[in-house]
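This briefing is for a reader new to the structure.

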Amino acid sequence: MDLPATADGWTAGRVDAIRDVTPTIREIAIALDRVPTCAPGSHLKVRVVADGRDDYRSYSVVGATPTGLRIAVKRQPDSRGGSAYMWTLSPGDGIAVAAPRCDFPLSHGAPHYLLLAGGVGITPMLAMAEQLARRGANLRMVYAARSDDEFAYREELTALLGERLALFAADRGEIVDIAAEIDRLPADGELYMCGPLGLMEAVRHAWEAAGRPRGNLRYETFGSSGSHPVRAFTVKVPRMNAEVLVRENESMLDALEAAGVEVVFECRRGECGLCAIRIVAADGPVDHRDVFLSARQHAENTQICACVSRVAGGSITIDPAYRGDDAFAFAGARA
């Protein structure tokens with residue numbers, strides 16, 4: 001592949017090396033002219049081609065090399081195109097990236113740390129574990145995966161942490177007792193969690209039930225996780241006399257943008273809440289995949305974060321917050 005053209009904020013890099021750390025998770029080393037400083041918990045924004053158009057995705061930085069950074073990408077069966085594109089890359093291919101950003105920072109000086117990872121959620125945790133181990137911090141890591149062959153970086157973590165690492169494989173019938181893990185964490189300890197939405201919600205509920213300080217629980221999730229299988233659905237916008245089809249491999253935000261429906265957004269991970277849209281009606285289950293709205297707001301079904309949340313078939317009627325002068329041309333419904 002040719003080296004991507006760059007624009008403001010983008011830097012040209014090159015794929016230096018590739019290795020599969022599990023059957024579904026691929027590590028990609030990216031060579032850069034200048035290696036940026038990258039805190040544990042950072043992610044790298046990468047330009048991709050998804051559904052035939054330029055887009056971007058963010059992937060956790062798992063570490064640095066002498067010439068660049070390493071990211072890890074899980075191949076998602078219901079991918080909107082980002083992971084599928086990343087898995088087509090080969091050493092020598094050009095790639096455009098933006099500066100690393102950390103929305104999941106690791107604090108300094110906590111008396112005790114519990115790192116809890118589910119599946120590909122291990123990727124931001126690897127650098128955290130390495131830094132905490134170097135500091136000599138009191139640390140325990142709990143890592144859950146669907147199967148024994150899906151423990152990414154297992155050898156590295158075992159060598160680094162030894163008995164401080166606990167592995168739970170679902171195919172062996174092993175289940176993390178979240179309440180017990182929280183109970184064994186001293187009262188002044190901090191818990192860092194990254195994984196699918198269901199795990200995150202269970203951790204949040206258990207943390208609150210234990211009466212722990214909210215500020216000592218820090219988490220990051222990935223927007224591909226949800227409570228329902230991914231299905232196509234229709235978005236109705238009565239004010240614009242429009243209907244937009246959201247396909248299985250695209251987000252509601254992307255579909256609305258392509259159709260000319262203006263939506264304010266920022267993170268594209270369901271964390272900032274800028275893309276929250278008022279729900280007028282829904283005739284299918286609303287699959288809330290964000291971490292911005294509360295459990296009560298999810299139950300009320302009055303808002304939906306368009307960047308990650310969906311409807312499990314059927315349709316949803318919305319009233320976008322952005323109005324402008326309503327004079328712009330609508331691109332038309334898509335079939």
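The points below follow an introduction to the model and are grouped by topic.

This is a predicted model, in which local features need pLDDT of at least 70, side-chain atom pairs count only at pLDDT 80 or more, and totals for chains, interfaces and linings use all residues. Residues are numbered from 1 along each chain as its sequence is written, and side-chain values use heavy atoms, with hydrogens and water left out.

**Helices H2 and H3**

- Helix H2 spans residues 122–135 and helix H3 spans residues 154–161; helices are DSSP runs (H or I, at least four residues), numbered from the N terminus.
- Their axes come within 10 Å and cross at roughly 25 degrees; axes are lines fitted to C-alpha atoms over the stretch in contact, and angles run from 0 to 180 degrees between N-to-C directions.
- H2 and H3 are therefore roughly parallel to each other (angles under 35 degrees).
- The crossing of H2 and H3 is left-handed, meaning that the near helix is turned anticlockwise from the far one by less than a right angle.
- From H2, Ile-122, Leu-126, Ala-129, Glu-130 and Ala-133 meet Leu-157, Leu-160 and Leu-161 of H3, where contact means heavy atoms within 4.5 Å.
- Of the residues in this contact of H2 with H3, seven are nonpolar, none is polar and one is charged.

**Cysteines**

- The structure has zero disulfides (pairs of cysteine sulfur atoms within 2.5 Å).
- For Cys-38, the nearest cysteine sulfur is that of Cys-102, 7.8 Å away.
- Cys-38 is partly exposed, at a relative accessible area of 25% (between 20% and 50%, with a 1.4 Å probe and protein chains only).
- For Cys-307, the nearest cysteine sulfur is that of Cys-275, 3.7 Å away.
- Cys-307 is buried, at a relative accessible area of 5% (under 20%).

Conventions: Helix = DSSP H or I, 4+ residues; strand = E, 2+ residues; numbered from the N terminus. Parallel < 35°, antiparallel > 145°, perpendicular 65-115°, else oblique. Nonpolar A, V, L, I, M, F, W, Y, C, P; charged D, E, K, R; others polar.
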